[in-house]
Amino acid sequence: MFASISSVNPGSIARAKLGDQDFKGQIGLQLYSLREQLAKDVPATLDQVRDFGIKYVETHSTYRLTPEKFRAELDRRGLKAVSGHFSYERCRDEIEGVAQEAKVLGMQYVGCAWIPHQDPFDEKTCREAIAVFNHAGEALAKHGLKFFYHTHGYEFLPYGKGTFFDLMMAETNPRFVHYEMDVFWIVHPGQDPVKLLEKYGSRFELMHLKDMKQGTPTGIFTGHADVTSNVALGAGTLDWPAILRAAKKAGVKWYFIEDESPSSVQQIPQSLSYLKRLKL
């Protein structure tokens, strides 16, 4: 079992001295950020994504469209679905169907972002998920797809000398199971994203960029927070230069802005502007 990672208060993370290198990571948008808009009008919302200057997206639904029709809407706007989130149940029970949908959508990555559970998250549920992830990852690899699990906070409850997340890392096969670090959901339970990236390195291939409003409670293991606690990158408490330097060193390949707030339409351009001028 791995040693636990020290808890941190996000407001106390030291601000790193800015360097002179631009951030050059591959940036996309998790479409969940615009879930309310997509539910009303897929074409108009994808127009808006294109107009933001975004070329890459991560999906979580096709909004009553077939995968083929959703792919066509993306293609018309020059948008590429690099990655997609699928339910735990589908990853467990119909992974071949997931693979076919992902291939229609042109994805490289297939992920799961939530493990159904009763609070508190426990060892039995964690081990069941580990088995699901190992099976899904091996099955998807046969289709040329990579499987990942997206962190959501509850995995950092203590277990043994570490956390349930340490157990997941120890027991999932690194050949077939990768990880997506949602930075907000690392800090929310009181963890340090830089230390986690240093510890697990290349296991993290994807990242969700999501800032945290000043005063947001941390040390919470539910995986739930008020959506208004999501703010534009650079407007919150997180030390993005330090996090993104560590991500680059770890080999993170894709960075998806995810903004769950009601102000996402206004905040997404602010986040993109911040990343353009950021020095690491």
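1. Lys199 is partly exposed, with a relative accessible area of 30% (buried is under 20%, exposed over 50%, and partly exposed in between, using a 1.4 Å probe and protein chains only). A word on the basis: this is a predicted model, where local features need pLDDT of at least 70 and side-chain atom pairs count only at pLDDT 80 or more, while totals for chains, interfaces and linings use all residues. Residues are numbered from 1 along each chain as its sequence is written, and side-chain values use heavy atoms, with hydrogens and water left out.

2. Which residue does the Lys199 side chain meet in a salt bridge? Its partner is Asp166, at 3.4 Å from N to O; a salt bridge here is a side-chain nitrogen of Lys or Arg within 4 Å of a carboxyl oxygen of Asp or Glu. The pair links distant parts of the chain, 33 residues apart: Asp166 sits in helix H7 (residues 164-171) and Lys199 in helix H9 (residues 193-200). Helices are DSSP runs of H or I, at least four residues long, numbered from the N terminus. Asp166 is buried, at 1% relative accessibility.

3. Now for Arg92 and Asp93: their side chains form a salt bridge of 2.8 Å, N to O. Arg92 is partly exposed at 41% relative accessible area, and Asp93 is exposed at 53%.

4. Arg50 and Asp51 also pair up, their closest N and O atoms being 3.2 Å apart. Arg50 is partly exposed at 35%, whereas Asp51 is exposed at 57%. Both belong to a salt-bridge network that also links Asp47, Glu73, Arg76 and Arg77.

5. And the overall tally? The count comes to 17 salt bridges.

How values were computed. Helix = DSSP H or I, 4+ residues; strand = E, 2+ residues; numbered from the N terminus.
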